[in-house]
Amino acid sequence: MFLANLLLANLLLPYHYGTLTLMILNAAVLSIFTGFGTDSIILYSLANKKWTIGQALTFTRNSLFIQVVIFILSEAISIGFLNKTLLSRNEISFLIPESAFFLGLIFTDKLVVLFYSIQKAFLANCILAISAITFFVLLIYYSYVHKVETSSLILLFSLQSLIQGLLLLTIYFIINKEPFAKFSMQAIVDALKLSSIVMITNVIQFFAYRVDYYFIEKFDSEFEVGVFAQSNKIANLMWIIPNIFALLLIPKLSQLTVTQHQTILKIAIIKNFVLS
């Protein structure tokens with residue numbers, strides 16, 4: 001998906017990519033607030049055998065319903081009073097792309113958690129990989145073989161998110177026959193108490209890494225946001241190899257001595273410096 005987004009960043013003009021970036025950021029913020037950290041609580045409750053799969057399904061269904069209702073109401077208020085869409089803060093023509101993207105985002109987040117909870121993480125990752133590869137191929141086709149307008153590329157990006165989420169949903173209910181199950185109101189209250197802490201942590205972490213985009217938009221425009229986002233994508237490309245090294249080393253670190261840790265850290269710093 002990284003390569004697909006990198007290609008999209010190079011295909012779109014800075015203004016349009018800036019608008020798309022703000023849409024993604026605002027969708028993530030809305031997802032964090034409306035999700036209330038429930039994804040982590042579902043995994044925690046299942047791992048500690050406090051909930052059954054059926055109870056997790058019920059909690060996920062209710063959480064998704066609340067998120068969708070809040071999104072619809074917020075979108076309606078934004079269009080009604082500001083004459084702008086909620087996420088991209090653009091004309092009403094962006095309503096379909098941002099609605100598709102947001103729905104796909106929350107469905108993907110919730111369903112990936114459910115796949116992990118039934119020990120089907122590999123299957124979930126395969127679905128995500130196939131979705132990303134298909135999007136990448138279509139992006140190449142519609143960009144170089146059968147060229148389309150910028151608005152169509154943005155719509156393609158949003159539909160990829162929605163189709164991915166619906167695909168996860170469909171396959172999950174094919175392989176898992178566990179019915180929805182009820183649980184007490186006290187269990188819901190206890191879960192929300194824990195999830196509120198997770199949500200606050202997620203909000204702080206998100207803005208710590210993404211607040212610069214909002215500052216740029218505040219003092220400049222979507223064009224500058226797009227330039228900054230495109231530059232970030234290209235810069236992140238340089239971190240692919242160091243991140244691979246990190247993922248390979250993490251399982252081995254617990255077996256090493258302190259001296260070996262220090263040696264590896266020095267080598268890693270030098271390699272990252274050279275690769276950058």
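This is a predicted model: local features need pLDDT of at least 70, side-chain atom pairs count only at pLDDT 80 or more; totals for chains, interfaces and linings use all residues.
**Confidence**

The protein averages a pLDDT of 79, and 80% of the residues score at least 70.

**Nonpolar cores**

Next I looked up the largest nonpolar core. It has 44 residues. Leu20, Trp51 and Tyr172 have the most contacts inside it. Which elements give two or more residues to this core? I listed α1 (2-11), α2 (14-35), α3 (38-47) and α4 (53-82). The list goes on with α5 (95-117), α6 (121-145) and α7. Of these, α5 gives the most, with nine residues. I also found another core, which lies apart from the largest one and has twelve residues. Leu22, Leu25, Ile32 and Phe206 are among them. As background, I wrote down that in soluble globular proteins nonpolar side chains tend to be buried together.

**Gly165**

I then went to helix α7, which spans residues 150-175 and holds Gly165. Is Gly165 buried or exposed? I count Gly165 as buried, because its relative accessibility is 0% and the cut-off for buried is under 20%. What does Gly165 touch, leaving aside its neighbours within four places in sequence? I found contacts with Gly104, Phe107 and Thr108. I also checked Phe101 against Gly165. The two are 64 residues apart in sequence, and their C-alpha atoms are 9.6 Å apart in space.

**Aromatic rings**

Last, I turned to the rings. How many aromatic pairs are there? The count comes to seven. Tyr141 and Tyr142 form an edge-to-face pair. Their ring centres are 5.1 Å apart, with 75° between the planes. I looked up the accessibility of each partner. Tyr141 is partly exposed, because its relative accessible area is 38%, which falls between the 20% and 50% cut-offs. Tyr142, at 28%, is partly exposed too.

I also noted one aromatic cluster, formed by Phe115, Tyr172, Phe173 and Phe180. Tyr172 was already in my entry on the largest core, as one of the residues with the most contacts inside it. Phe180 has a charged neighbour. Arg61 lies over the face of Phe180, at 4.7 Å from the ring centre.

Notes: Residues are numbered from 1 along each chain as its sequence is written. Side-chain values use heavy atoms; hydrogens and water are left out. Helices (H or I, at least four residues) and strands (E, at least two) are DSSP runs, numbered from the N terminus. Buried means under 20% relative accessible area, exposed over 50%, partly exposed in between (1.4 Å probe, protein chains only). Contact means heavy atoms within 4.5 Å. Rings of Phe, Tyr and Trp (its six-membered ring) pair if their centres lie within 6.5 Å; planes under 30 degrees apart count as stacked, over 60 as edge-to-face and the rest as tilted. A charge sits over a ring if NZ of Lys or CZ of Arg is within 6 Å of the ring centre and within 35 degrees of the ring normal. A nonpolar core is a set of buried Ala, Val, Leu, Ile, Met, Phe, Trp, Tyr and Cys residues joined through side-chain atoms within 4.5 Å. pLDDT is the predictor's confidence in each residue, from 0 to 100.
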